[in-house]
Amino acid sequence: MMRSVPLRMVTLGVAIALAGCSFAPPARPSKAPEPASYTATPTPPTSAEAAGVAQKFSLGTRAVPEWWKAYGSSELDALVDEGLQHSPSLDAARHTLESVRQQYRAQVGDALWPSLDAATQVGRQRALGLPNFGRPTNVYDVYAGQLQLSYDFDLFGVSRNEVKQAAAQVDSQSYQFDAAKRALAANIVITAVRASALAEQVSATERLSALAREQMALSGKAHKLGAVAQEDVLASQRNAASIDASLPGLRAQALHERHALAVLLGRTPDQAPAPLSLASLTLPAEVPVLVPSDLLSQRPDVLAAEAAVRAASAQVGVATGNMFPHLSLTASLGTGAFDSAKLFTGAGTIWGATAGITQPIFHGGALRAQRKAAVASYEASISQYRQTVLGAFQNVADTLTALDQDALALRAAQNGEVSARQSFDDTQRRYRLGSASYPVTLASESGWQNARVQAIQATATRLIDTAALYQAMGTPNDETADMQRGAARSSGAQP
């Protein structure tokens with residue numbers, strides 16, 4: 001019987017020590033469904049050939065960290081580097097991450113370690129004396145100094161789960177920072193391409209406007225000579241007016257993209273960089289396509305959603321542990337005296353020790369409601385994680401489909417531009433030989449400029465959707481691990 005008592009005590013101690021671990025639901029969400037392929041119809045290994053490039057979709061390769069360098073433009077690289085260094089939004093995300101890291105460090109120190117404080121007291125007091133004994137009042141000084149130690153025993157895992165919750169929040173913010181960084185790079189590339197495409201469209205449309213006005217003037221002269229009908233004159237006027245009406249909006253869009261690019265770089269709109277030349281951007285011939293299982297471990301939004309599940313799980317543990325007894329210990333050691341000269345003598349030593357246990361009994365249902373709210377938040381985080389996973393798969397599927405169709409659209413647009421240009425060149429030769437009229441030459445050039453606008457749009461769309469696919473692939477695993485190790489180093493503890 002004497003030996004069974006320590007065994008029961010050990011068993012009880014182990015049960016109490018591990019109780020907090022069982023209060024929290026699983027910290028990792030269940031395995032998400034993985035599609036056999038991203039798209040409804042199998043994606044071909046390569047896109048259709050357009051502009052001399054048939055993009056290869058390399059399934060199973062890893063994500064590219066600095067993917068924008070695949071465009072082969074030092075000017076574009078410089079823009080992205082400038083944005084990553086000077087963007088206020090990214091800087092705010094960086095400081096927010098540091099704030100969360102320090103909050104985690106504070107949580108570790110506050111929850112898992114004892115607290116030790118020094119307190120001093122100097123006072124002068126006036127107290128009533130005893131009736132018929134001595135003076136009616138006493139005036140005296142009080143000098144005291146002491147160290148105060150306090151510690152809360154984490155019997156049911158409240159503090160441990162609070163630390164886990166804070167660590168998960170650090171992870172989530174780290175992934176959000178990485179997502180913000182990659183999104184900024186993608187937005188700079190996409191905005192720069194749009195600004196370049198719109199600048200070239202404005203130039204082509206201005207030429208179309210000039211051609212339309214010249215055609216309108218020639219129609220007016222021909223009408224006066226009786227060579228064309230009034231309807232032909234009106235048709236040329238409508239065409240010129242339609243082109244002129246499109247120009248202000250097109251110019252506004254071009255300036256809007258330039259202004260947006262300047263802000264992404266951390267500049268004021270008046271310092272917007274000049275548009276790049278689309279011809280200076282090389283379409284990457286090979287783009288990575290991760291398998292679905294790898295995608296989930298490299299998408300920052302998915303990883304952030306998973307960290308949110310861990311935080312919500314820990315919060316359930318906190319809310320559950322708060323329903324059980326709370327044990328605390330406080331102790332103090334110091335010295336006190338009524339005379340400062342006797343403050344540090346042995347007779348002035350004062351000390352105290354208190355152990356207290358608190359068991360919640362009635363809180364009007366608040367503790368139970370808080371736990372139910374935490375459980376509901378946990379279930380919501382699970383559903384949000386699943387939705388984020390589905391959204392990631394959809395993002396990749398949409399960009400793959402877009403790239404495959406972009407190549408077909410660009411090939412058709414470039415074929416049309418080549419034919420229109422050849423027709424214009426042929427018309428010019430015939431005009432110089434006197435076998436074609438000048439109005440026919442103007443109409444031929446107008447056809448070429450219209451085809452050129454379509455080719456510019458198709459080229460820009462393919463470049464933009466390629467950037468979107470790089471962005472959809474997420475962050476390589478080694479970068480993610482570095483972020484997590486950085487969070488642990490900054491906090492002084494392992495999340």
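Tutor: Let us start with a definition: a residue is called buried if its relative accessible area is under 20%. Please keep in mind throughout that this is a predicted model.

Student: OK, so is Leu 247 buried or exposed?

Tutor: Leu 247 has a relative accessible area of 5%, so this residue counts as buried. Its place is in helix H5, which runs over residues 230–264.

Student: And what does Leu 247 touch, leaving aside its neighbours within four places in sequence?

Tutor: Leu 247 is then in contact with Val 202, Thr 205, Glu 206 and Ser 209. For Val 202, the C-alpha to C-alpha distance to Leu 247 is 7.0 Å, although the two residues are 45 apart in sequence.

Student: Let me zoom out. What does the secondary structure of the chain come to?

Tutor: The chain has ten helices and six strands, and of its 495 residues 38% are buried. If you take the contacts between residues at least 6 apart in sequence, 82% of them join residues at least 24 apart. The chain exposes about 26,700 Å², and carbon and sulfur atoms supply 58% of that area.

Student: Back to details, then. In which helix does Ser 196 lie, and what does its side chain reach?

Tutor: Ser 196 lies in helix H4, and its side chain reaches the backbone oxygen of Leu 276 at 2.8 Å. With residues up to four places away in sequence not counted, Ser 196 touches Pro 275, Leu 276, Ser 277 and Leu 278. Ser 196 has a relative accessibility of 0%, so it counts as buried.

Student: Switching to rings: how many aromatic pairs does the structure hold?

Tutor: The structure holds ten aromatic pairs. One of them is formed by Phe 23 and Phe 156, and this pair is stacked because the ring centres are 6.1 Å apart and the planes are at 15 degrees.

Student: Why does that pair tie together parts that are apart in sequence?

Tutor: Phe 23 lies in the loop between helix H1 (4–22) and strand S1 (56–59), while Phe 156 lies in the loop between strand S3 (137–153) and helix H4 (158–224), so the pair ties together parts that are 133 residues apart in sequence. Both Phe 23 and Phe 156 are buried. Phe 23 is also touched by Thr 320, a residue of helix H7 (residues 300–321). Thr 320 counts as buried because its relative accessibility is 6%.

Student: What about Trp 67 and Tyr 71, how are those rings arranged?

Tutor: Trp 67 and Tyr 71 form an edge-to-face pair, with 6.5 Å from centre to centre and 65 degrees between the planes. Trp 67 counts as buried at 0% relative accessibility, and Tyr 71 is buried with a relative accessible area of 0%. Trp 67 and Tyr 71 belong to one aromatic cluster together with Trp 68 and Tyr 470.

Student: One more thing, which residue lies over the face of Trp 448?

Tutor: That is Arg 421, at 4.4 Å from the ring centre.

Student: And how does the span of helix H9 compare with what it should be?

Tutor: Helix H9 covers residues 438–472, and at 1.5 Å a residue its 35 residues should span 51 Å, which agrees with the 51 Å between its end C-alpha atoms. Just after H9, Gly 474 takes a positive phi of about 85 degrees.

Key: Residues numbered from 1 in each chain as written. Predicted model: local features only at pLDDT ≥ 70, side-chain atom pairs only at ≥ 80, totals over all residues. Heavy atoms only, no water. Helix = DSSP H or I, 4+ residues; strand = E, 2+ residues; numbered from the N terminus. Buried < 20%, exposed > 50% of the residue type's maximum accessible area, 1.4 Å probe, protein only. Contact = heavy atoms within 4.5 Å. Areas by Shrake-Rupley, 256 points an atom, 1.4 Å probe, with all protein chains shown as cover. Phe/Tyr/Trp six-rings, centres within 6.5 Å; stacked < 30°, edge-to-face > 60°. Lys NZ or Arg CZ within 6 Å of the ring centre and 35° of its normal. Expected span 1.5 Å × (residues − 1). Polar contact = N/O pair within 3.5 Å; in protein donor to acceptor, adjacent residues only side chain to side chain.
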